[in-house]
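This report goes with the sequence and the 3D structure shown below. Keep both in view while reading.

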Amino acid sequence: MLQVSKVKAITLDLDDTLWPVEPTIARAEQALADWLTRHAPATARLLSDAPVRSQLRKAVLQAHPEVAHDFSALRLAYLSRALAHAGDDTALAQPAFEAFFDERQNVTLFPDSLSALAALAARYPIVAVSNGNANVHRVGLGAYFVGSVSAQSFGVAKPHIDIFHAAARSVQCDPDEVLHVGDDAHLDVLGALNAGMQTAWINRDAKAWEHPQTPHLTATDMGALCAALGLAA
Ligand SMILES: [Mg+2]
């Protein structure tokens, strides 16, 4: 059971909690493909082949295990390798990445997200905790967050307890004073439970819960979370 009176701060997942990530990534991949077609056509042709893409991804992960948690670094290394393979200028990796990254920040919020964020932010400090490379400022939601801890910036990804503890420390809270909110049973709920936080599972798709440890609260969306916290969203 959620103990609302104990909650002093909220840590919040981003992808698939505030917006659906799949259409965002699909648009970003398309923006990258369009950019490459214009500026590095040989690379665009090379990457139109799915088996080649998958081989390149594997090769990059093997060559750079130290950045396995950092999707931006991985994608840059991947683009650099693809450009080299195709005989294009590897200096194009950075601008090609930017074409992807710009569109990666162009998210379409779930309909309940914005009013819920406003209601939560009026009551609690909110810290973004994400394994992905969305940036709350670049997606236009910076005003609702007092900070963010990402796998990319922190160097350790969810579900490791250290990233949750870092987020709690950033708002001068003990873990048990923090409510972590997210859609992923393993990365968000189990990770935050192991870190000693209260947890809210955002279960938009009526999935079954399949673990012995359970979230303190399950909510169908961010609006339902606000209602459970006694906030009008
Ligand atoms: Mg998520």
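## Basis of the report

The model is predicted: local features need pLDDT of at least 70 and side-chain atom pairs count only at pLDDT 80 or more, while totals for chains, interfaces and linings use all residues. Residues are numbered from 1 along each chain as its sequence is written, and side-chain values use heavy atoms, with hydrogens and water left out.

## The magnesium site

Asp13 (OD), Asp15 (O) and Asp183 (OD) coordinate the magnesium ion at 2.1 to 2.2 Å. Donors are N, O and S atoms within 2.8 Å of the metal (3.2 Å for Na, K and Ca); water is not among the atoms, so sites may look incomplete. Along the sequence, the donor residues follow the spacing D-x1-D-x167-D. Helices (H or I, at least four residues) and strands (E, at least two) are DSSP runs, numbered from the N terminus.

Asp13 is buried, with a relative accessible area of 5%, and Asp183 is buried at 13%. Buried means under 20% relative accessible area, exposed over 50%, and partly exposed in between (1.4 Å probe, protein chains only).

## Strand E1 and its partners

E1 pairs with E4 in the parallel sense over 4 bridges, and with E2 in the parallel sense over 3 bridges. Two strands pair if DSSP finds at least two bridges between them. Thr11 has His180 as its bridge partner in E4, and Ile10 has Ile126 in E2.

In a regular strand the side chains alternate between the two faces of the sheet. Both faces of E1 are covered, with Ala9 and Thr11 buried on one side and Ile10 and Leu12 buried on the other.

## Nonpolar cores

A nonpolar core is a set of buried Ala, Val, Leu, Ile, Met, Phe, Trp, Tyr and Cys residues joined through side-chain atoms within 4.5 Å. The largest has 31 residues, of which Ile10, Leu120, Phe145 and Leu225 touch the most other members. Elements that each supply at least two residues include E1, strand E2 (126–130), E4 and helix H10 (222–228). Helix H6 gives the most to this core, with 4 residues.

Apart from this core lies another, of 23 residues, among them Leu36, Ala40, Leu83 and Phe97.

## Helix H6

Which residues of H6 are buried? They are Ser113, Ala116, Leu117, Ala119 and Leu120. Seen down the axis of H6, the buried residues fall within an arc of 165°, so they line one face of the helix. The arc is that of the directions from the helix axis to the C-beta atoms. E1, E2 and H10 are among the elements that cover these residues.

## Cysteines

The whole structure contains 0 disulfides (pairs of cysteine sulfur atoms within 2.5 Å). The sulfur of Cys226 is 18 Å from the closest cysteine sulfur, in Cys173, too far for a bond. Cys173 is buried, with a relative accessible area of 10%, and Cys226 is buried at 0%.

## Ser72

Ser72 lies in helix H4 (residues 71–86) and is buried, with a relative accessible area of 6%. Not counting residues up to four places away in sequence, Ser72 touches Phe97, Phe101, Asn133 and Gln152. Contact means heavy atoms within 4.5 Å. Ser72 and Phe101 are 29 residues apart along the chain, and their C-alpha atoms are separated by 8.3 Å.
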